[in-house]
Structures are given as structure tokens and as C-alpha cells.
Amino acid sequence: MSHPSPWLDPELDDLRQLAAKFLATELAPHRERFAEQHQVDRSLWQRAGELGLLCISIPTEYGGGGGTFAHEAILLEEQARIADSSWGAGLHSGIVAHYILNYAREELKHQWLPQMASGELVGAIAMTEPGTGSDLQNIRTRAVADGDDYVITGSKTFITNGQQADLIIVVAKTDPSKGADGISLIVVEADRPGFRRGRTLHKIGQHGQDTSELYFDEVRVPRTHLLGESEGQGFIQLMTQLPQERLIVAVGAVTAMETALQQTLRYTREREAFGRPIFGFQNTKFKLAEVATEARVARVFLDHCISLHLEQRLDVQTVAMAKWWTTERAMHVLDECLQLHGGYGYMQEYPISRLWVDQRVQMIYAGTNEVMKEIISRSL
């Protein structure tokens, strides 16, 4: 029942095999340990870098793989197929690296990107604050110019890769009087005096994912660390880059639907009740027919969005549709699949239970689904 995506080619098939083998040997066997320590081993990043699995879509002149978003999507899909939510490579390679590629000074691109591609540096982006979620215009973190430096003060929360990050893009106000026009993005290295990490946050799902609080107590960074040619470009930069982040979320959601379907087909064919496989009951067949249809429709829409993105034609409204719809339908599909597992679906040892609880946050981060609908409504 596989649906051939139009953006696939033989090179991507080779990458899929490499990614699947790497994840099966280096990540999957350690899933429980990563969950207990609330982060992956740092050595995982270096091993991925050695195989060329980091920053695949960054040009080779900056140490990347020279690929496209399609290459990133393959790695994201394979990670989702093993039901892993621990490794923050999608954020590192598909989001943080692209902010640096598109907006950093040339000398800093050559300094930072090769080390991100090798796994020497881990990237994060610090947007959300304790009192500010999707409403980025009301952030309180300040970056005050002082000679050749910015002095950054503020706090951030829910930061993916927060405990391991070496390079953090900070969303800050450089001119609080200008609202959205006063927001700037500034890169902070984690070894700067005044920077400190807070708690690793304990979530209901994604237990192996390093999600943290970060604090900036008068952290000094050179003014050259500003992304963009001038202050006040941060909000536009965020709006320009967020579509790729939301597409990354949709890739994970659709692959989770497909993975849940395969797991549930296997379970219902093996598990018996009243003398026959659960799959033999009409209710099971009908439910799985519905799930298969939803997964196929979601895949076709996702493929359409990826194709548009590869042609640089994916607009903000369409990717907002993809983000909210695929994440919402994924939760519906996962709920149906968990139900068909019966009591075993509620046991942590079954992958469907991890998929179900890990997927829930997809409706919240990268902009809540309510915000996605607000964005869509503006174009109606």
C-alpha cells in the first residue's frame, strides 16, 4: 500500500538505507536509556556527522551535504518510522543551520556550519519565554547595544536541544518601542559568561528529547553575531523560515500515521479473539480502511507541499494548512490504532503507546494549530 512520492529519486533511496541502518544501530537500541537521561548521547551527533547525516541540505562550501529539503525529509521519515522523538537533528539541521546559512555573516557561516555538519556544535533556537508562547511580538528578552557588543538579558523555556546546544539563536528585542519591527535574532555561544542552563523539563511524552530552560544574564556577544544586515529583521526572518519548520512537523505527523497503520495491521493479524484474528472482525477492517485512507490523503498533501517547497513556491497559508491538518489527523489515527491494540496499546512496551503520547505536542509547537488557522483565515 506504499504510495510513491513524486520527489523521490535513486539517490534518496540510497540515503534512506543509510539513515535507516544508522538509526537502527545507533539510536533504537538505546531508546530507554535516552529517555531515562532525557537526552541522547553526545557521541550520537559526532557519529551522524561522520556519516554525513547532519546539515544534508547545507551547501558543500560550508561543510554540508549539498542536498535539498528532500534529503532532510528522508532522515526525518526514517526517525519517525522507528518511533523516535529523542534526537533533535531535524531542528539542528533543518532549522538552525538554515537561519545561519541565510542570515549570518560570511565568515561566521564558514566558522559555524562545518562544525554543525560534523556534530562538533549542536544548534538550538530560543524563541518561547515563560510568559510568551506563539505571540513572539511580546517577548521580553532584551539585547542592548554597548560598543561593539550586544548585552542580552532574559529567559527562555521549552528549548529543544537546550542542554546540549553549543550555538543558540536567541530571539530578542533590540528596540522594544517598535513591536515586531524591534525583534532581532542574535547567535550566542553556550560558553559565553552569563549564559546558564536551567532545568531539563519533564514532559508527558518525548522523554528522550532534551527540552530545557535557558537564562541569559547580561551575556555579551559581538554585534557581528546579529543575523541579517541590520536590527529589526528578526520577525521577518522568523516568518520566512517558519514554513520549513512547520513542514518538518508535517513530515513527522504523516510518517507517524503510516507507521501506526503498519504496526496495527501486524498486531491485528497476529492477535486473536473469540477464535480468530482481530483483523477478521468487520469493525477492525473498517477502522483500518479509514486509517489507511487518512494516511494516504495526508501523504499526498504532504508530497504536494514538499514538491512546492523544493520549487520555492510553498506559501505560508498552505504550510499552515499542512501543519494543523496532518497533526490533528495523526492524533485521530493514532487514537484509533491504540484502541485496536486493546489493553496492550496502553502499555509503554508497545510502540503505539509511545507514538500516541509523543505525537500530541505536534499540535502545539512550531505555532499552535489555533495560530495556524488564524494564519489561514487571513488569506480567505
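Visitor: Which residue is the bridge partner of tyrosine 150 in strand 7?
Guide: Tyrosine 150 has valine 221 as its bridge partner in strand 7. Please keep in mind that this is a predicted model.

Visitor: How many bridges join strand 3 to strand 7, and do they run parallel or antiparallel?
Guide: Strand 3 and strand 7, the latter covering residues 211-222, are joined by 9 bridges and run antiparallel.

Visitor: And how many bridges join strand 2 to strand 3?
Guide: There are 5 bridges between strand 2 (residues 142-146) and strand 3 (residues 149-160), and these strands run antiparallel. Within this pairing, arginine 142 stands opposite threonine 153, and alanine 143 stands opposite isoleucine 152.

Visitor: What about the hairpin of strand 2 and strand 3: how many residues are between the strands?
Guide: The hairpin has 2 residues between its strands, and glycine 147 takes a positive phi near 65 degrees there.

Visitor: Which residue has a positive phi although it is not a glycine?
Guide: Phenylalanine 274 is one of them, with a phi of about 55 degrees. Most residues other than glycine have a negative phi. Phenylalanine 274 lies in the loop between strand 8 (272-273) and strand 9 (276-277).

Visitor: Does phenylalanine 274 count as buried or exposed?
Guide: Phenylalanine 274 counts as exposed, because its relative accessibility is 82% and the cut-off for exposed is over 50%.

Visitor: What is phi of glutamine 312?
Guide: Glutamine 312, a residue other than glycine, has a positive phi near 60 degrees. Glutamine 312 belongs to the loop between helix 8 (282-310) and helix 9 (316-340). With a relative accessibility of 74%, glutamine 312 counts as exposed.

Visitor: Staying with helix 8, does leucine 308 count as buried or exposed?
Guide: Leucine 308, which lies in helix 8, counts as buried at 11% relative accessibility. Leaving aside neighbours within four places in sequence, leucine 308 is in contact with Arg313 and Leu314.

Visitor: How far apart in space are leucine 308 and methionine 363?
Guide: Their C-alpha atoms are 23 Å apart, and the two residues are 55 residues apart in sequence.

Visitor: Changing topic, where does histidine 71 lie?
Guide: Histidine 71 lies in helix 4, which spans residues 69-81. Histidine 71 is buried, with a relative accessible area of 11%.

Visitor: Which residues is histidine 71 in contact with, leaving aside neighbours within four places in sequence?
Guide: Histidine 71 is in contact with Glu11, Leu12, Leu15 and Ile56. Leucine 75 is also found in helix 4, and Ile56 is among the residues that leucine 75 touches.

Visitor: Which residues does leucine 75 touch, not counting those up to four places away in sequence?
Guide: Leucine 75 touches Ala19, Leu23, Leu53, Ile56 and Trp87. Leucine 75 is buried, with a relative accessible area of 5%.

Visitor: Now the whole chain. How many helices and strands are there?
Guide: The protein chain has 11 helices and 9 strands. Its radius of gyration is 21 Å, close to the 21 Å that the globule rule gives for 380 residues, so the chain is as compact as a globular protein of that length. Along the principal axes, the C-alpha atoms fill a box of roughly 80 × 45 × 40 Å.

Visitor: What percentage of the 380 residues is buried?
Guide: Buried residues account for 54% of the 380 residues. Of the contacts between residues at least 6 apart in sequence, 75% join residues at least 24 apart.

Visitor: What does the accessible surface come to?
Guide: The accessible surface comes to about 16,700 Å², and carbon and sulfur atoms hold 51% of that.

Visitor: Last one: how far apart are the mean positions of the positive and negative charges?
Guide: The mean positions are 5 Å apart, for 37 positive and 49 negative charges.

Terms used
Residues numbered from 1 in each chain as written. Predicted model: local features only at pLDDT ≥ 70, side-chain atom pairs only at ≥ 80, totals over all residues. Heavy atoms only, no water. Helix = DSSP H or I, 4+ residues; strand = E, 2+ residues; numbered from the N terminus. Rg over C-alpha atoms; globule rule 2.2 N^0.38 Å. Buried < 20%, exposed > 50% of the residue type's maximum accessible area, 1.4 Å probe, protein only. Contact = heavy atoms within 4.5 Å. Areas by Shrake-Rupley, 256 points an atom, 1.4 Å probe, with all protein chains shown as cover. Lys, Arg positive; Asp, Glu negative; His and termini not counted. Charge placed at Lys NZ, Arg CZ, Asp CG, Glu CD. Pairing = 2+ DSSP bridges.
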